[in-house]
Amino acid sequence: MAKTIPSLVRATANSGIVRSSPDWDAVLGPGWTSRIMDVAVSDRQHVKQGRSVIRWAVSDSLTVFLKRHFDLPRLTGYLARLFPRLTWSPGLREWENLRWAKAAGLPVPRPVAAGEFRGTGGKLRSFLAVEELTGMLALHEAIPEAAGLLSPGEFTKWKRGLIAELARLCRELHRRRAFHRDLYLCHFFVSEIDLSRVPENWSGRVAMIDFHRLGKFPLTWPLQQGKDLAQLLFSSTDVRGVMPRDRVRFWKLYGRGHWGRVTRPPSWLRRYVRMKAARYGRHNAKHDLAVPRKD
């Protein structure tokens with residue numbers, strides 16, 4: 001869904017919209033917008049269907065993941081020309097989504113630049129630069145590593161704190177009728193220094209990434225809620241260190257935040273989540289896909 005662009009956004013007629021932070025502008029210098037779509041870096045490069053993601057060490061103090069979309073739908077490009085003060089591209093949408101999440105108290109990486117470029121004939125391209133979560137590791141990798149570094153008792157205590165924070169983050173997102181729509185373990189990050197110790201307080205120590213699909217659904221929110229939770233359930237399968245009792249604990253902590261004294265979500269939601277998670281598993285098995293990982 002397109003969003004209105006605040007007046008502070010730099011725009012040039014109907015040719016495009018760019019947002020950036022002062023440190024990004026200072027490092028890249030004048031005219032960087034004409035070069036950004038041509039940056040060639042192979043570090044952790046992922047290319048798929050007209051888009052790419054690369055890790056880019058812009059300077060000694062700034063490393064980003066640069067997401068670029070080179071060939072967006074022509075219809076979207078024409079709409080961007082007709083309604084230039086709305087966001088139409090994935091890059092600008094995720095910029096806005098990350099700023100919304102930050103304002104809502106969710107720990108997310110800092111977006112440092114974003115933009116969309118509109119050409120003739122409906123041509124539309126976009127980009128987003130997000131600061132790297134330096135020294136942090138995705139949960140699907142962090143949990144097995146912590147299991148190997150901590151004693152069994154410490155690891156159990158470690159997971160309890162982590163699960164409580166995961167449940168809190170999901171509650172904070174969902175109670176606003178906002179849904180990640182890509183809520184896999186690989187999109188939660190923890191600090192590497194927390195893998196060999198049990199933090200006294202997990203609040204603020206788990207970060208979330210990839211908000212390009214974030215959406216609000218005032219009417220169909222129960223279905224979106226179920227899909228988010230099913231993605232999280234599905235992505236926890238086959239992760240070493242995740243036990244059935246960990247999932248039960250998550251359900252109880254998540255449910256308390258939504259239904260007061262009730263310690264488990266409604267039965268219909270539990271059934272729906274299990275059904276969707278099983279469907280994700282069958283789909284991935286059919287297409288020989290791995291559990292979704294960070295791009």
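User: How do helix H6 and helix H8 pack, at what angle and how far apart are their axes?
Analyst: In this predicted model, H6 (residues 221–235) packs with H8 (residues 267–286) at an angle of about 55 degrees. Their axes are 8 Å apart.

User: What does that make them to each other, oblique or roughly parallel?
Analyst: Angles under 35 degrees count as roughly parallel; H6 and H8 are therefore oblique to each other.

User: And which hand is the crossing of H6 and H8?
Analyst: H6 and H8 cross in a right-handed way.

User: Which residues in H6 and H8 meet?
Analyst: From H6, the residues in contact include Pro222, Leu223, Leu229, Ala230, Leu233 and Phe234. On the H8 side, Trp268, Leu269, Tyr272, Val273, Ala277 and Tyr280 are among them.

User: How does the contact of H6 with H8 split by class?
Analyst: The contact has twelve nonpolar residues, five polar and three charged.

User: Different topic. How do H5 and H6 pack?
Analyst: H5, residues 152–174, packs with H6 at about 160 degrees. The axes of H5 and H6 are 11 Å apart.

User: Why is H5 roughly antiparallel to H6?
Analyst: Because angles over 145 degrees count as roughly antiparallel, the angle of about 160 degrees makes H5 roughly antiparallel to H6.

User: In which hand does H5 pass H6?
Analyst: The crossing of H5 past H6 is right-handed.

User: Which residues in H5 and H6 meet?
Analyst: H5 brings Cys170, Leu173 and His174. They meet Gln225, Asp228, Leu229 and Leu232 in H6.

User: What classes are the residues in the contact of H5 with H6?
Analyst: Four are nonpolar, two are polar and one is charged.

Methods: Residues are numbered from 1 along each chain as its sequence is written. This is a predicted model: local features need pLDDT of at least 70, side-chain atom pairs count only at pLDDT 80 or more; totals for chains, interfaces and linings use all residues. Side-chain values use heavy atoms; hydrogens and water are left out. Axes are lines fitted to C-alpha atoms, for helices over the stretch in contact, and angles run from 0 to 180 degrees between N-to-C directions. Helices (H or I, at least four residues) and strands (E, at least two) are DSSP runs, numbered from the N terminus. Angles under 35 degrees count as roughly parallel, over 145 as roughly antiparallel, 65 to 115 as roughly perpendicular and the rest as oblique. A crossing is left-handed if the near helix is turned anticlockwise from the far one by less than a right angle, and right-handed if clockwise. Contact means heavy atoms within 4.5 Å. Ala, Val, Leu, Ile, Met, Phe, Trp, Tyr, Cys and Pro count as nonpolar, Asp, Glu, Lys and Arg as charged, and the others, Gly among them, as polar.
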